[in-house]
Amino acid sequence: MEEKTLKFAAVFLILLTLTMCVVLPYFPEIHTRAVEAREQRLAEEEFAANQTEMNDLTLAVSDMPAEEHESQLKLRLPEGVSGESIQYTNDYVTQTIRIEIPGTDSAYFDSYPIMGSSNHIDTLSYAHEGGEGVIEIVMDKVYELETEYDDSFYYFDFLTPQEVYDKVVVIDAGHGGRAPGATKQGVNEKDIDLAIVLQLKELLDNNDRNIGVYYTRTDDSNPTFDQRVQLANKSNADLFISIHNNSTLSGRMSSASGTAVMYNEADEKELGSRRFAQICLEEVTAKLGSRNRGLVEGDDIYIIRTSEVPVALIEVGFMTNQEELDLLRSEEYQKEAAAGIYQAILRAFDEGY
Ligand SMILES: [Zn+2]
């Protein structure tokens, strides 16, 4: 009796193993799951390598009189330096503002501290680079900057995206840099994801509604997963869209094709992630005529799980399907995909997002 059971179990296990070996490689697994850990490490390495070394000097912000603007910084211009020669950049992805001020050293800021409110500043540091002083400010959230100057001072006003725009969208092109995503017949997924995002940008740039759009990347960079999702959280975006393309788990070509959209099942709001994902799915499949593969729970994907705003991760098509791969690499199909996503954004706003 016992021997019989053992034999049965052995045969069952062998059959199960064989079935898995044959079926699993063709199973259309969402590839973002499989590559997430490795890509996180790559992105962190790339980010660290691109960081410029700032002095550890942390500058103080001295309080401004209460009657002055609450979210303003005020810099005294060095002798002989006009406001015109001040250069600055505002990197939304890292919430980092870099201000180049000629004619300063660290002692200068001991004598003339930066004035303002430090409520929204995480760190403020100073470095001397190429004969110029550079101040680096890391903010707690995404801000738009408005600047003005007079003969003595340079002023930075920090506005929330909602103070500037009616609606805010964050668009994420999957992968980038040393993380190519799925790779098939010399085509990297990261390039197709980006191509679709750049087509979408064309449409959004020409939209006449007051929509603020922030992109995690518009080139071959590779922000970390946390930077991607924090761009959405820290801009308090109305919608967060991540664009990917799918492949079978093994990367083998197969007949699996079509569009799927991942959503955050923990977000149970009526106008939440699930409803938005459904809108994306309907609009993209309608434009592309692609097979509707339905919604997929995405809670195990970092950027979905940690998104505090309605999120949809769109797997536009399968790079492991020959017909769809040929379509995905054509500009026409990329444009249609972008048009579908664009329609989804407008429809979501019409539905009250
Ligand atoms: Zn991907």
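A word on the source before I start. This is a predicted model, in which local features need pLDDT of at least 70 and side-chain atom pairs count only at pLDDT 80 or more, while totals for chains, interfaces and linings use all residues. Residues are numbered from 1 along each chain as its sequence is written, and side-chain values use heavy atoms, with hydrogens and water left out.

Let me begin with the chain as a whole. It has 10 helices and 17 strands, where helices (H or I, at least four residues) and strands (E, at least two) are DSSP runs numbered from the N terminus. Of its 353 residues, 51% count as buried, and by buried I mean under 20% relative accessible area, with exposed being over 50% and partly exposed in between, for a 1.4 Å probe and protein chains only. Taking contact to mean heavy atoms within 4.5 Å, residues 24 or more positions apart account for 77% of the contacts in the chain with a separation of 6 or more.

Now to the helix pair. Helix α5, residues 189-205, packs against helix α10, residues 331-350, at an angle of about 55° and with the axes 8 Å apart; the axes are lines fitted to C-alpha atoms, for helices over the stretch in contact, and angles run from 0 to 180 degrees between N-to-C directions. That makes α5 oblique to α10, since angles under 35 degrees count as roughly parallel, over 145 as roughly antiparallel, 65 to 115 as roughly perpendicular and the rest as oblique. Among the residues making this contact are Ile-196 and Leu-200 of α5, together with Ile-341 and Ile-345 of α10.

Of its 42 residues, Ile-171, Leu-200, Ile-241, Ile-243, Ile-341 and Ile-345 touch the most other members, and the largest share, 10 residues, comes from α10. Leaving aside residues up to four places away in sequence, Ile-341 touches Ile-196, Leu-200, Ile-241, Ile-243, Val-284 and Ile-314. Apart from this core lies another, of 22 residues, including Leu-75, Ile-121, Leu-124 and Ile-135.

Helix α6, residues 225-234, has 8 of its 10 residues buried, so it is largely enclosed by the rest of the structure. Among those buried residues are Phe-225, Arg-228 and Asn-233, and just after α6 Asn-236 takes a positive phi of about 50°.

Finally, some single positions. Met-319, in the loop between β17 (311-318) and α9 (322-328), is buried, with a relative accessible area of 0%. Its C-alpha atom is separated by 6.6 Å from that of Lys-184, although the two are 135 residues apart along the chain.

Gln-185 lies in the loop between β11 (183-184) and β12 (187-188), has a positive phi of about 50° although it is not a glycine, and is partly exposed at 44% relative accessible area. Gln-95, in the loop between β3 (87-91) and β4, likewise has a positive phi, near 55°, but is buried, at 6%. Thr-96, placed in strand β4 (residues 96-102), counts as buried at 12% relative accessibility, and its contacts include Asn-90, Glu-136 and Val-138.

Technical notes. Core = buried A, V, L, I, M, F, W, Y, C linked by side-chain atoms within 4.5 Å.
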